[in-house]
Amino acid sequence: MSRWIVLAVPVGGVAEADRDVRTIAELEGSPEEAVAALVQAANTYEHTLWKVRRREVFQCSDRSYFLRLRGRLATYGFFIQLAELVHDSDASPVSQPFS
């Protein structure tokens with residue numbers, strides 16, 4: 001099983017203090033399960049908006065979406081991306097037999 005995270009990357013309308021990339025989901029599973037988590041995040045993520053008046057979701061690739069949220073006073077943009085763990089320095093190494 002692979003490990004995955006879903007990231008929200010602010011690209012517009014967000015205050016300087018809120019510009020950090022956020023991990024909005026983390027899971028272990030198949031690529032299909034990870035894509036399902038990505039789609040769910042794109043359809044439900046609201047950042048810190050109190051009330052979303054309009055949500056527009058644009059598919060950029062199989063593993064990323066652009067999300068535009070319109071609040072009462074401003075419009076916010078986020079890339080919602082899926083990332084697969086490919087290396088972890090804390091993971092115990094798999095020993096390879098010497099030939």
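The model is predicted. It holds six salt bridges, and four residues, Arg 54, Glu 56, Arg 68 and Arg 70, are joined in a network of them. Side chains of opposite charge can pair when their charged atoms come close.

- Glu 56 meets Arg 54 in a salt bridge, with 3.2 Å from N to O.
- A salt bridge also pairs the side chains of Glu 56 and Arg 70, again with 3.2 Å from N to O. This pair links distant parts of the chain: Glu 56 sits in strand β3 (residues 54–61) and Arg 70 in strand β4 (residues 64–70), 14 residues apart.
- Glu 56 counts as buried because its relative accessibility is 14%, under the 20% cut-off.
- Arg 54 is partly exposed at 45% relative accessibility, and Arg 70 is partly exposed at 28%.

**The Arg 55 and Glu 46 pair**

- Arg 55 forms a salt bridge with Glu 46, and their closest N and O atoms are 3.8 Å apart.
- Arg 55 is partly exposed, with a relative accessible area of 26%, and Glu 46 is partly exposed with 36%.

**A stop at Gly 13**

- You will find Gly 13 in the loop between β1 (2–12) and β2 (22–29).
- Gly 13 is partly exposed, with a relative accessible area of 48%.
- Leaving aside residues up to four places away in sequence, Gly 13 touches Thr 75 and Tyr 76.
- Gly 13 and Phe 78 are 65 residues apart in sequence, while their C-alpha atoms are 9.2 Å apart in space.

Conventions:
Residues are numbered from 1 along each chain as its sequence is written. This is a predicted model: local features need pLDDT of at least 70, side-chain atom pairs count only at pLDDT 80 or more; totals for chains, interfaces and linings use all residues. Side-chain values use heavy atoms; hydrogens and water are left out. Helices (H or I, at least four residues) and strands (E, at least two) are DSSP runs, numbered from the N terminus. Buried means under 20% relative accessible area, exposed over 50%, partly exposed in between (1.4 Å probe, protein chains only). Contact means heavy atoms within 4.5 Å.
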